[in-house]
Amino acid sequence: MKKALFNANATYFNFGLLFLRVGIGFSFIYNHGYAKISTPERWKSLGEQMQLLHIHFAPEFWGFMAAFAEFFGATFLILGLFSRISATLLAFTMLVAFLTGFAKDEFNSAAFEMGIVFIALIIMGPGKYSLDAKISGFKK
């Protein structure tokens, strides 16, 4: 009886991870990533936020990396491919967004909350219903 209950819970857990990855991924692509990746003129101003971390060189590169994380990282998250790497890039992007608001005496709750979600995805992984699981031979 316990084994059947565990398998049901594992299935719900894996469907929950799939639902989370797809929902958050599409949200990031639609609300953030597409606008940033398709507008290279924004990359410099995005990258200048790295000055909060005392990184003053190549703001266009850092802006591109933020746009890349929010578009392609979210795409990979939906697919469950390179999930932990994508979640790490997105968590770092949310850290910079949070610190940008914090430097202006604002609490960016959305960046804080999404950072927590991405850290949780780094810890839990993509789950059974992902390309990462198919490649690695995930069994649970």
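Mentor: Start with a definition: helices (H or I, at least four residues) and strands (E, at least two) are DSSP runs, numbered from the N terminus. Read along the sequence, the pattern is α-α-α-α-α-α. That gives six helices and zero strands.

Now some ground rules. The model is predicted: local features need pLDDT of at least 70, side-chain atom pairs count only at pLDDT 80 or more, and totals for chains, interfaces and linings use all residues. Residues are numbered from 1 along each chain as its sequence is written, and side-chain values use heavy atoms, leaving out hydrogens and water.

Our part is α3, residues 59–79. Check its length. Yet α3 has a kink of about 30°, centred on Ala 69. The bend is the angle between axes fitted to the seven residues ending at a residue and the seven starting there. After α3 comes Gly 80, with a positive phi near 75°.

Next, burial. Buried means under 20% relative accessible area, exposed over 50%, and partly exposed in between (1.4 Å probe, protein chains only). Buried residues of α3 include Gly 63, Ala 69, Gly 73 and Leu 77.

A nonpolar core is a set of buried Ala, Val, Leu, Ile, Met, Phe, Trp, Tyr and Cys residues joined through side-chain atoms within 4.5 Å. The largest one has 21 residues; Leu 77 and Leu 90 are among those touching the most other members. α3 gives the most to this core, with six residues. In soluble globular proteins, nonpolar side chains tend to be buried together.

Look now at the partner, α4. The axes of α3 and α4 come within 9 Å and cross at roughly 145°. Axes are lines fitted to C-alpha atoms, for helices over the stretch in contact, and angles run from 0 to 180 degrees between N-to-C directions. Contact means heavy atoms within 4.5 Å. Residues making the contact include Ala 69, Gly 73 and Leu 77 of α3, and Leu 89 and Leu 90 of α4.

Compare those two leucines. Leaving aside neighbours within four places in sequence, Leu 90 is in contact with Ala 69, Gly 73 and Leu 77, among others. On that basis, Leu 89 is in contact with Phe 68 and Ala 69. Leu 89 counts as partly exposed, because its relative accessibility is 30%.
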